[in-house]
Amino acid sequence: MKSLRIMLSVAVLSLSAMAFAQSDAHRHAAPSDAPKSDAQKSFDQLKALAGTWHASITTDPPVKEMGDGKMGDVSLRVTSRGNALVHEMGEAGKPEDPTKYDHPVTMFYLDNDRLILTHYCDAGNRPRMAARVPPDGKTLEFDFLDVAGNTQYGHMEHAVFTFIDANHHTEDWTFKLKGDKLMHAHLDLERVKQQTASAR
């Protein structure tokens with residue numbers, strides 16, 4: 001009889017815990033019909049760029065190693081259950097060895113009502129920028145907030161994404177050099193088409 005009472009007590013406690021967990025999850029779940037914030041809409045637009053891209057790169061002032069139509073590779077990947085977007089740049093034709101070649105990584109995420117990016121720069125620092133609400137839905141501009149790490153070689157200062165269509169977009173990145181001189185890199189990107197299984 002005693003063991004039956006213990007089993008019943010455990011069962012009641014288990015059911016109570018499950019009911020509480022379901023109630024708590026329901027309370028914190030966002031209604032599906034709730035209007036999205038401007039930051040969420042902008043983040044969704046960025047996440048639609050997930051995939052692999054080839055980029056033609058030009059710089060101002062010209063930098064032989066980076067610009068003049070040189071090709072680069074960019075990948076964008078949604079991660080963390082949709083809460084983050086990873087943007088990685090690589091040098092086309094170079095081995096995938098980020099210890100020897102440029103391979104900056106940028107993370108995009110929502111911070112309450114702001115869309116934020118943190119750029120993990122090859123210069124050894126981490127600038128953060130916040131998105132402005134796009135007036136036309138075709139451009140998304142990020143303004144400098146702050147930077148952590150060594151800035152002796154400069155840091156990324158500004159970024160603009162321009163949405164052309166599902167397979168084309170541009171990115172403009174501005175780097176602040178020593179003495180507050182600015183270097184601008186323009187990337188013209190085309191989505192890499194994925195081969196279907198039958199085409200392989």
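Trainee: Is H158 buried or exposed in this structure?

Mentor: The model is a predicted one, and its values are to be read as computed. Burial is judged by relative accessible area, and a residue counts as buried under 20%. H158 has a relative accessible area of 18%, so H158 is buried. H158 lies in strand 8.

Trainee: Which side chains make polar contacts with the side chain of H158?

Mentor: One partner is the side chain of E141, at 2.8 Å. The other is the side chain of D143, at 3.5 Å.

Trainee: What else does H158 touch, leaving aside residues up to four places away in sequence?

Mentor: H158 touches M129, R132, E141, F142, D143, D172, W173 and T174. Two of these names, F142 and W173, come back in the aromatic cluster, which F108 and F161 complete.

Trainee: How many aromatic pairs does the structure hold?

Mentor: There are four aromatic pairs.

Trainee: Why is the pair of F161 and W173 called edge-to-face?

Mentor: The angle between ring planes decides the label, and over 60 degrees counts as edge-to-face. The planes of F161 and W173 stand at 75 degrees, with ring centres 5.9 Å apart, so this pair is edge-to-face. The pair links distant parts of the chain, since F161 is in strand 8 and W173 is in strand 9 (residues 168-176), twelve residues apart.

Trainee: How are the strands arranged as a whole?

Mentor: Strands of a sheet pair through backbone hydrogen bonds, either parallel or antiparallel. Here ten strands form a closed barrel in the order 1-2-3-4-5-6-7-8-9-10, and the pairing is antiparallel. From one strand to the next, the twist averages 25 degrees.

Trainee: How do strand 1 and strand 10 pair?

Mentor: Strand 1 (residues 51-60) and strand 10 (residues 182-191) run antiparallel to each other and share eight bridges.

Trainee: Which strands does helix 2 touch?

Mentor: Helix 2 (residues 38-47) packs on the sheet and touches strands 2, 3, 4, 5, 7 and 8. The direction of helix 2 makes about 150 degrees with that of strand 4.

Trainee: Where do the helices come in the order of elements?

Mentor: The chain has two helices and ten strands. Reading from the N terminus, the order is α-α-β-β-β-β-β-β-β-β-β-β.

Trainee: What should I look for in the backbone of the loops?

Mentor: Most residues other than glycine have a negative phi, and most peptide bonds are trans. The peptide bond from D60 to P61 is cis, with omega near 0 degrees. P61 lies in the loop between strand 1 and strand 2.

Trainee: What is phi at R81 and at N112?

Mentor: R81 has a positive phi, near 55 degrees, and sits in the loop between strand 2 and strand 3. N112 also has a positive phi, about 55 degrees, although N112 is not a glycine. The loop that holds N112 lies between strand 4 and strand 5.

Trainee: Are R81 and N112 buried or exposed?

Mentor: The cut-off for exposed is over 50% relative accessible area. R81 is exposed at 87%, and N112 counts as exposed at 73%.

Trainee: What share of the chain counts as buried?

Mentor: Of the 200 residues, 29% count as buried. The accessible surface of the chain comes to about 12,700 Å², and 56% of that belongs to carbon and sulfur atoms.

Methods:
Residues numbered from 1 in each chain as written. Predicted model: local features only at pLDDT ≥ 70, side-chain atom pairs only at ≥ 80, totals over all residues. Heavy atoms only, no water. Pairing = 2+ DSSP bridges. Helix = DSSP H or I, 4+ residues; strand = E, 2+ residues; numbered from the N terminus. Axes fitted to C-alpha atoms, helices over the stretch in contact; angles between N-to-C directions. Contact = heavy atoms within 4.5 Å. Phe/Tyr/Trp six-rings, centres within 6.5 Å; stacked < 30°, edge-to-face > 60°. Buried < 20%, exposed > 50% of the residue type's maximum accessible area, 1.4 Å probe, protein only. Areas by Shrake-Rupley, 256 points an atom, 1.4 Å probe, with all protein chains shown as cover. Polar contact = N/O pair within 3.5 Å; in protein donor to acceptor, adjacent residues only side chain to side chain.
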